[in-house]
Amino acid sequence: MEAFLTSTALVALAEIGDKTQLLAIVLATRFKRPMPIILGILVATLANHFLAALVGQQAAAWLEGAWFRYLIAASFIVMAAWTLIPDKLDDEDSKPLKYGAFVTTAIAFFLVEMGDKTQVATIALGARFAEVGWVTAGTTLGMMIANVPAVFLGNELVRRVPLRTVRIVAALMFLAIGIWMLAQTALAG
C-alpha cells in the first residue's frame, strides 16, 4: 500500500504544470469533449506507466546491491531538482492529430510522457518498491488527479493554482524519499 500511496502523491504533485497537463488543457479546449479525452489519458498512462514501472522493477532485480540503491536515491534527488523547472508545451505538441479526441489523446499522451519527469519517477518508483501493479495504479491515479480537473477546468485551473508552490512541495517529497533511501542504504551497509 505504501507503493500505491507514495506513487499517487508524488505523481499528482509532479504533474501540476507538467507538459502533459498543459496538453490536457489544449486538447480540452480544442475538442470540447471531456470523456474521450479523460479515457485517452487513462489508457495512455496505464500503458506508459506499466512499462516504466516494469523497467524499474526489472532493473532493480537485475542490478541488486547498495550501489544501485544509491543510484535510485540519487535519481529521486535529481527528480526533486527537475520538478522545480517549469514545463511548457512546444508548438508541435499542441497540434492535434486527425483521429478524434480519444485516439488523439491516447497517442499524444503516450508519446509526450516518454522521457517526462513523471515517467522517470515511475521508473524510480518501480525500482524502489518492486511492485509494478501498485506503482502503476498509484502513478495512474496521480495523473488522473492532476489531469481530470485540467480537462474540465482548462485554462481557469492554470490561472488559479500556484504552480510554484506545488512544484516546491513535489520537489520536497522527491528530496525526502531520496534522502531517506540514502540513509536507509548507508545504515544497511
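Mentor: UniProt, in an unreviewed entry, lists "transmembrane region" for residues 37–55, 67–85, 97–112, 132–153 and 165–183. Such annotations may be inferred rather than shown by experiment, and positions follow the numbering used here. That numbering starts from 1 along each chain as its sequence is written. The model is predicted: local features need pLDDT of at least 70, side-chain atom pairs count only at pLDDT 80 or more, totals for chains, interfaces and linings use all residues, and side-chain values use heavy atoms, with hydrogens and water left out.

Take two of the listed spans. Residues 37–55 are 100% helix and 0% strand, with end C-alpha atoms 27 Å apart. Residues 67–85 are 89% helix and 0% strand, and their end C-alpha atoms lie 28 Å apart. Helices here are DSSP runs (H or I, at least four residues), numbered from the N terminus.

Now the surface. M35, L39, V43, Y99, F102, V103, I107, L111, M114, F152 and L153 form a nonpolar patch. Their accessible area together is about 1,000 Å², by the Shrake-Rupley method with a 1.4 Å probe. Patch residues have over 30% relative accessible area and no salt bridge, and nonpolar side chains are joined within 5 Å. A salt bridge is a side-chain nitrogen of Lys or Arg within 4 Å of a carboxyl oxygen of Asp or Glu.

Helix 3, helix 5 (101–113) and helix 7 (132–153) each give two or more residues to this patch. Helix 5 gives the most, with 4 residues. L153 belongs to helix 7.

Notes: Patch = residues over 30% accessible without salt bridge, like charges linked within 9 Å, V, L, I, M, F, W, Y side chains within 5 Å.
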